[in-house]
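Please keep the structure in view while reading.

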Amino acid sequence: MPEPAPAIVLQALTAGHFGGPAVLHDLHWQVAAGSRVGLVGPNGAGKSTLLLTLAGVIPARQGTATVEGFDLTTLAGRRGVPQVMGLLLQDPDDQLLETSVAGDVALGPTSQGLSAQEITARVDEALLATGLGTYRQRVPQRLSLGEKKRVALAGVLARRPTIILLDEPTAGLDPRGRRELIALLAGLSATLVVATHDLELVLELCSAATVMDGGRFVALGFPRDLLADGPLMDGHGLEVPWPLRGQLRADRCP
Ligand SMILES: Nc1ncnc2c1ncn2[C@@H]1O[C@H](COP(=O)(O)OP(=O)(O)OP(=O)(O)O)[C@@H](O)[C@H]1O
Ligand SMILES: [Mg+2]
């Protein structure tokens, strides 16, 4: 059977925030459809900037960039990509706009022009999936950080995107919420790109990893190979996660 077309293809991509210098430099990347990629790197590496570029929020300045066939170097492509993509922002306060949780989660499906019945079904499904069934009438801005993050994720899921970009999805979640989130993400068929400092999440959830630093990709490969590489991790402000440190010690035992 022929391989499915990659969900994301970047060639020599350069991008940066409006009015500022380039932040992303010469990025070459292919993300297979249906795969789950962990994007890791120190603070300021450019992870969030890359997600914003893939979502069409920030224009690609040079090179080529396509996401599900949308050309991000054109305005039409940048406007079109949100039809198929969901973006969970790093800070949920940037994402939550409505005065009720249910209203906020309904924003996406409403913008997709769905019927009232379908919007209600999508909202119910997303609230159930994120454990927010009792939060419908709560005011999003008056929730805890972890609760806000869940509402923002519910809003993303309600649009049923084929590609989901998640910026620090486990930040602020308690251990149970984190486990539930991992189980939820593992059950999705969408292509996932997860920018995170939660390296154990990458180990558990992702089929591929990319290490970024200084706006460049410095390593691409299998999560276990990259995250177990002490010099690579140390050299880019990261640490070998605990599960792999145990494995390294065990490997050295006679
Ligand atoms: N809105 C903005 N305008 C101008 N520059 C920005 C903006 N947001 C981020 N930057 C700059 O872009 C660079 C990359 O930042 P980015 O937020 O993408 O890093 P990151 O890898 O997501 O870091 P973190 O791990 O802290 O979330 C940094 O030098 C940052 O100062
Ligand atoms: Mg970030």
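## The cover over helix α4

In this predicted model, the elements that cover the buried residues of α4 include α3 (101–111) and α5 (145–157). The residues of α4 that are buried are Arg122, Val123, Ala126 and Leu127, and, because these buried residues fall within an arc of 125° when seen down the helix axis, they line one face of α4. On the other side of α4, by contrast, Gln117, Glu118 and Leu128 are exposed.

The length of α4 can be checked as well: its 14 residues (116–129), taken at 1.5 Å a residue, should span 20 Å, and the C-alpha atoms at its ends are 20 Å apart, which agrees. Just after α4, glycine 131 adopts a positive phi of about 70°.

## The sheet

An open sheet is formed by 4 strands in the order β2-β1-β4-β5, with antiparallel pairing. Strands β2 (24–31) and β5 (70–71) stand at the edges with a single partner strand each, so one side of each has no neighbour in the sheet.

## Around ligand 1

The shell of residues around ligand 1 divides into 2 nonpolar, 9 polar and 1 charged. The residues around ligand 1 include Gly44, Ala45, Gly46, Lys47, Ser48 and Thr49, and among the others are His17, Val23, Asn43 and Gln90.

Note on methods. Residues are numbered from 1 along each chain as its sequence is written. Chains are lettered from A and ligands numbered from 1 in the order in which they are written. This is a predicted model: local features need pLDDT of at least 70, side-chain atom pairs count only at pLDDT 80 or more; totals for chains, interfaces and linings use all residues. Two strands pair if DSSP finds at least two bridges between them. Helices (H or I, at least four residues) and strands (E, at least two) are DSSP runs, numbered from the N terminus. A residue is near a molecule or strand if its C-beta atom, placed from the backbone, lies within 6 Å of it. Ala, Val, Leu, Ile, Met, Phe, Trp, Tyr, Cys and Pro count as nonpolar, Asp, Glu, Lys and Arg as charged, and the others, Gly among them, as polar. The expected span of a helix is 1.5 Å times one less than its number of residues. A residue is buried if 20 or more other C-beta atoms lie within 10 Å of its own, exposed if 12 or fewer, and partly exposed in between; C-beta atoms are placed from the backbone. The arc is that of the directions from the helix axis to the C-beta atoms. Two residues are in contact if their C-beta atoms, placed from the backbone, lie within 7 Å.
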